[in-house]
Amino acid sequence: EVYFKNLSKQKQKEVMEKNGNNHKLRVCVATCNRADYSKLAPIMFGIKAEPQFFELDVVVLGSHLIDDYGNTYRMIEQDDFDIHTRLHTIVRGEDEAAMVESVGLALVKLPDVLNRLKPDIMIVHGDRFDALALATSAALMNIRILHIEGGEVSGTIDDSIRHAITKLAHYHVCCTRSAEQHLIAMCEDHDRILLAGCPSYDKLLSAKNKDYMGIIRIWLGEDVKTRDYIVALQHPVTTDIKHSIKMFELTLDALISFNKRTLVLFPNVDAGSKEMVRVMRKKGIEHHPNFRAVKHVPFDQFIQLVAHAGCMIGNSSCGVREVGAFGTPVINLGTRQTGRETGENVLHVRDADTQDKILHALQLQFGKQYPCSKIYGDGNAVPRILKFLKSIDLKEPLQKKFCFPPVKDNISQDIDHILETQSALAVDLGGTNLRVAIVSMKGEIVKKYTQLNPKTYEDRLELILKMCVEAASEAVNVNCRILGVGISTGGRVNPREGIVLHSTKLIQEWSSVDLRTPISDALHLPVWVDNDGNCAALAERKFGHGKGIENFVTLITGTGIGGGIIHQHELIHGSSFCAAELGHIVVSLDGPECLCGSQGCIEAYASGIALQREAKKLHDEDLLLVEGMSVKKEEVVSAAHLIQAAKLGNTKADSILRTAGTALGLGVVNILHTMNPSLVILSGVLASHYVNAVKDVINRQALSSVKTVDVVVSNLADPALLGAASLVLDYTTRRI
């Protein structure tokens, strides 16, 4: 709050001077149904909290005032808002003609209300036919319009209505970068577009930890547990009413067969809703022991119900938008939401024409937990919208301006009036250090934090969360928008579930650890986890020598030996997530013992630990030091001393390094004969010492058909962090 006030203070002063020091912006918020109120209420609370800048008038119309839809105007009164006007605008019939007549009735009644209120600006939400009547009335009466959630894409007639309102509106608040680009492509004035996020996310992202069991028991019964019930919300598709009713019937049949406690909400007031209610009653849903059928659930309670559900099913925009904030599984049926951006928690059943398809989707999704998604907001929409409202100059001409092609670069307003850099939080869990960094889309490490890696699980997880929260807060100051968290760790990892299955001996108490859930819950960000060798390969694919290469292998030569394999541009994990354990390729049947328990592995010859072991042996026998070298009493003998001795002419040290390079080279030859990559990248602190030895072994031992392979040393300064970042950046930027 302090940050926002300091940031906007100067702009507010300028606008107040332009509009007259005593003039408050008179804002009319018109709400038509329970869905749009959930988006408008946070804005209304924000406006009400700043009476020195705003006067708020609330107009209620549409299905808010119909008993069959829960008389939802009461929740507006319970929120302590004064309702200036109630307009009964719905013509009953629930068919296409009734929708048209309802728009006409609203157009007849609204002019008198707007004449009395004389608002400076009207806030209109979304894509409902009631909203079209509001925007039409305000535009024709020369009242400025602020449209919430324009630019989005979905199915049915809603798409056309949404875009029609966009053309009538003077100002636009959108939720996603794609929606912003759509508005620009529709020739809207760039300076009047605000990318704020969805206002409902301001409440969603702070809601999950509140008491919820009481709410679940009220709506679903005393015996229901979390993650063991379903929320169903399905509306008619106005462009194909007959098919949507049939799909609803199949959905209810599938839910009955699935045999889980289910909360079914009545559909909205669109054409076809009456027939859908008949289907519910025909199947006895209101009296079925597994079902609870309700007309309305207050939004605060609805949040808790979907946050802790085993699954949500239907075709409501709530499923593909708000529910992603909790990682709750969603089954999206039919075409009503076609084109909307979704998180990975959404499973689409586009052609839901059989009960078996829907039942199979329930079996796949029920009870899962996905990473929390912030595609539609980061919890700071309302401060941005209020700041945007305060920046409106009422002395500017009312006539809209359109920016016709060619479309200029995006210069829409954000909270800082500048574009934020899309970035990732990268976490590297090493044997010694724990590092967290903010990494930009171009691979620039904007900020890095380093701490010693704690020895216990509890201390380690606590430190990870603390460092991530600190880095996420700092991201605002360095103008970075965090898209997600990527974690690179040693050991065997299940990247699908975000779990460390087995760790290396270098990281204690780090087996069967779920990293995704606690970090995602704490930061409200999606989280990806993978093995450090795989992350190094991903870093090369995005930022290094592997960029644009279809098949290549990365070998890490450090404390241990690891790596990753890219085949046909994709990372190979293997059936049990054990692919690319390249350090444990056996190159000698009677070689030295490896930390894995086997003998003759590459790691037993060429890792930093192996070289340190050999250096200590030489030192104990007084065969390590040569002229120009010294080791202090308290100094630990390391691989670096062995390398230094070899450079200064120690033949025994040189022989050990050549043996290590040969072992690594034999391992690479095995990889070439197995995977046939076009490129081998050596990464890590020992890479430059091994590259020539590896090339020599390939020339001597490899088949002629693979000798043309390129062997190079990585030019990346920090492949572990860059690889962790690429987990996020590669996925979030291509997901639609």
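This is a predicted model: local features need pLDDT of at least 70, side-chain atom pairs count only at pLDDT 80 or more; totals for chains, interfaces and linings use all residues.
## The annotated site

An unreviewed UniProt entry places a "binding site" feature at four residues: His-584, Cys-594, Cys-596 and Cys-601. In sequence, they span 18 residues.

Cys-594 is found in the loop between β24 (570-571) and α19 (602-606). Cys-601 also lies in the loop between β24 and α19.

Is Cys-594 buried or exposed? Its relative accessible area is 6%. The cut-off for buried is under 20%, so Cys-594 counts as buried. Cys-601 has a relative accessible area of 1%. Cys-601 is therefore buried too.

Now set aside neighbours within four places in sequence. Cys-594 is then in contact with His-584, Cys-601, Glu-603 and Ala-604. On the same terms, Cys-601 touches Gly-583, His-584, Ile-585, Val-586, Cys-594 and Cys-596.

The largest nonpolar core has 61 residues. Which residues have the most contacts inside it? They are Ile-313 and Leu-362. Helix α10, residues 241-258, gives the most to this core, with 9 residues.

Beyond four places in sequence, Leu-362 touches Ile-230, Ala-254, Leu-255, Phe-258, Cys-311, Ile-313 and Ile-331. Another core lies apart from the largest one. This other core has 42 residues, among them Ala-606, Val-631, Leu-664 and Val-680.

## Two helices that pack

Two packed helices are described by the angle between their axes and the distance between the axes. Helix α22 covers residues 651-675, and helix α23 covers residues 687-701. They pack at an angle of about 55°, with their axes 8 Å apart. The two helices are therefore oblique to each other. Their crossing is right-handed.

Which residues of α22 and α23 meet? From α22 come residues including Leu-657, Ala-660, Gly-661, Leu-664, Val-668 and Leu-672. From α23 come residues including Tyr-690, Ala-693, Val-694, Val-697 and Ile-698. Leu-664 links two parts of this report: Leu-664 is one of the α22 residues that meet α23, and Leu-664 is among the residues of the 42-residue core.

Methods
Residues are numbered from 1 along each chain as its sequence is written. Side-chain values use heavy atoms; hydrogens and water are left out. UniProt positions are given in the numbering used here, feature names are shortened, and annotations may be inferred rather than shown by experiment. Helices (H or I, at least four residues) and strands (E, at least two) are DSSP runs, numbered from the N terminus. Buried means under 20% relative accessible area, exposed over 50%, partly exposed in between (1.4 Å probe, protein chains only). Contact means heavy atoms within 4.5 Å. A nonpolar core is a set of buried Ala, Val, Leu, Ile, Met, Phe, Trp, Tyr and Cys residues joined through side-chain atoms within 4.5 Å. Axes are lines fitted to C-alpha atoms, for helices over the stretch in contact, and angles run from 0 to 180 degrees between N-to-C directions. Angles under 35 degrees count as roughly parallel, over 145 as roughly antiparallel, 65 to 115 as roughly perpendicular and the rest as oblique. A crossing is left-handed if the near helix is turned anticlockwise from the far one by less than a right angle, and right-handed if clockwise.
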